[in-house]
Amino acid sequence: MKNIYLDHAATTPVSERAFEAMKPYFLNVFGNANSQHVFGREAAKGLSEARQKVADAIGAKPSEIYFTSCGTEADNWAIKGAAMEYATKGKHIITSVIEHPAVYTTCKQLESLGYEVTYLPVDGEGFVSVDDLEKAIRPDTILASIMFANNEIGTIEPIKELAAVCKKHGVIFHTDAVQATGAIRYDVKDLNVDMLSMSAHKFYGPKGMGALYIRNGLKMGKLITGGEQERSRRGGTSNVAGAVGMAEALTEAMETLESDAAYVASLRDRFVKRVLEEIDDIYYNGPKDASKRLPNNSNFSFRFIEGESILFSLDLAGISASSGSACSSASLDPSRTLLSIGVPVGTAHGSIRFSFGKHNTVEEVDYTVDQLVSIVKRLREMSPLYKKK
Ligand SMILES: *Cc1c(COP(=O)(O)O)cnc(C)c1O
């Protein structure tokens, strides 16, 4: 029985190296990093080394890295923290229609609390326009939050240009870089962003571990109030093992980023080419220009059939993929992202994301295409919508 994992945008396995680095912090170095004794000092040392490594990976200073419990928390903090801190300046926030639920539902919640949110549209490949952002800025705009790379269709947004427009108008800029981190090399100073979110489990680190970069000097409200952890800006006993695992996984990812990205993209490109050649009536969603797309991402709409049926059949064949984002796949609503790029509702229902990873092989790609071709053929033969030509 095959067991092929093609859902790396949902999560990745923890790397051996990250796992080994974490181990001591579960066992003998178990102290509370805030305790004033040798156990505490050892834990604090691990935490501080981890912070340095994460900072180094993105061109930040260690004092600008705040560990959180996940990417979702980092996104919530960036948006709600700014909303609380700057409410007297204004209550207008700008985001895009294709944000991850961690950003999107946070903005929805702020709307219910009296904030006004502009959801910028995207073009047919998922790109936010720099012009649209500039036009949406008002005197009462306090924050813009635009994702670095989309989790469903892989679109890499022009973050540097978007951040520059915000800087010009004195608007704080946050980016959800959860999909980008470990896949794209970037430097926060070069991007000139004020805040940036990341999550360890998307780059072969542990689940339940994230970080928010907050530019030094930026005033920010608190999301999690409590003790004096994270320089008194985020309470809660530090997850030292998680931070160490995150730092090790990110360091490892940065060491081989270009070669890993090239390998993963080669698998993706082989897959996409074969699927487009061998299956009719499909759309390849997202950027056609591979340089503006996450190296691991592919997303197809298969007309006349349901994504859920395809997924179910793939699962039976030992292939794990996803119908859009894992976070919304429990609901039967079509993907907000796919609708935003103009995929018709019915077609959006027949969409599957295949996201590759560095442990996948060419054989797995070929087996998956072979299975997919016969699954789509079989489902279409049963579909009343499918008119044989
Ligand atoms: C996975 C993901 C998140 C959420 O991160 P968690 O650590 O799982 O909470 C946020 N944004 C994007 C773009 C993601 O892909």
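Helix α9 is mostly covered, with 14 of its 16 residues buried. This helix runs over residues 240-255, and from its first C-alpha to its last it reaches 23 Å, close to the 22 Å expected at 1.5 Å a residue. Please keep in mind, as you look around, that this is a predicted model.

**The strands**

Let us turn to strand β3, which spans residues 92-96. Five of the five residues of β3 are buried, so the strand is largely enclosed by the rest of the structure. In a regular strand, the side chains alternate between the two faces of the sheet. Both faces of β3 are covered: one side holds His92, Ile94 and Ser96, the other holds Ile93 and Thr95, and all of them are buried.

Which strands pair with β3? One of them is β4 (residues 116-120), which pairs with β3 in the parallel sense over five bridges. Within this pairing, Ile93 stands opposite Val117 of β4. To get from β3 to β4, the chain passes through helix α4 (residues 101-112), and this β-α-β crossover is right-handed.

Strand β5 (residues 141-145) is another partner: β3 and β5 also run in the parallel sense, paired over four bridges. Here His92 stands opposite Thr141, while the bridge partner of Ile93 in β5 is Leu143.

**Around the ligand**

Now for the ligand. Of the 13 residues around it, Thr72, Asp176, Gln179, Ser199 and Lys202 come nearest.

| Residue | Ligand atom | Distance |
|---|---|---|
| Thr72 | oxygen | 2.5 Å |
| Asp176 | nitrogen | 2.6 Å |
| Gln179 | oxygen | 2.7 Å |

On its own, the ligand has 380 Å² of accessible area, and the protein covers 91% of that. Which element gives the largest share of the shell around the ligand? Helix α3 (residues 71-85) does, with three residues.

**A residue of helix α3**

Helix α3 is also where you will find Lys80. Is Lys80 buried or exposed? Lys80 is buried, because its relative accessible area is 17%, and the cut-off for buried is under 20%.

Conventions. Residues are numbered from 1 along each chain as its sequence is written. This is a predicted model: local features need pLDDT of at least 70, side-chain atom pairs count only at pLDDT 80 or more; totals for chains, interfaces and linings use all residues. Side-chain values use heavy atoms; hydrogens and water are left out. Buried means under 20% relative accessible area, exposed over 50%, partly exposed in between (1.4 Å probe, protein chains only). Helices (H or I, at least four residues) and strands (E, at least two) are DSSP runs, numbered from the N terminus. Two strands pair if DSSP finds at least two bridges between them. The expected span of a helix is 1.5 Å times one less than its number of residues. A residue is near a molecule or strand if one of its heavy atoms lies within 4 Å of it. A polar contact is a pair of N or O atoms within 3.5 Å; within protein, one must be able to donate a hydrogen and the other to accept it, and residues adjacent in sequence count only if both atoms are side-chain atoms. Accessible areas come from the Shrake-Rupley method with a 1.4 Å probe; for residues, only the protein chains shown count as cover. A crossover is right-handed if, with the strands pointing away from the viewer, the path from the first strand over the helix to the second runs clockwise.
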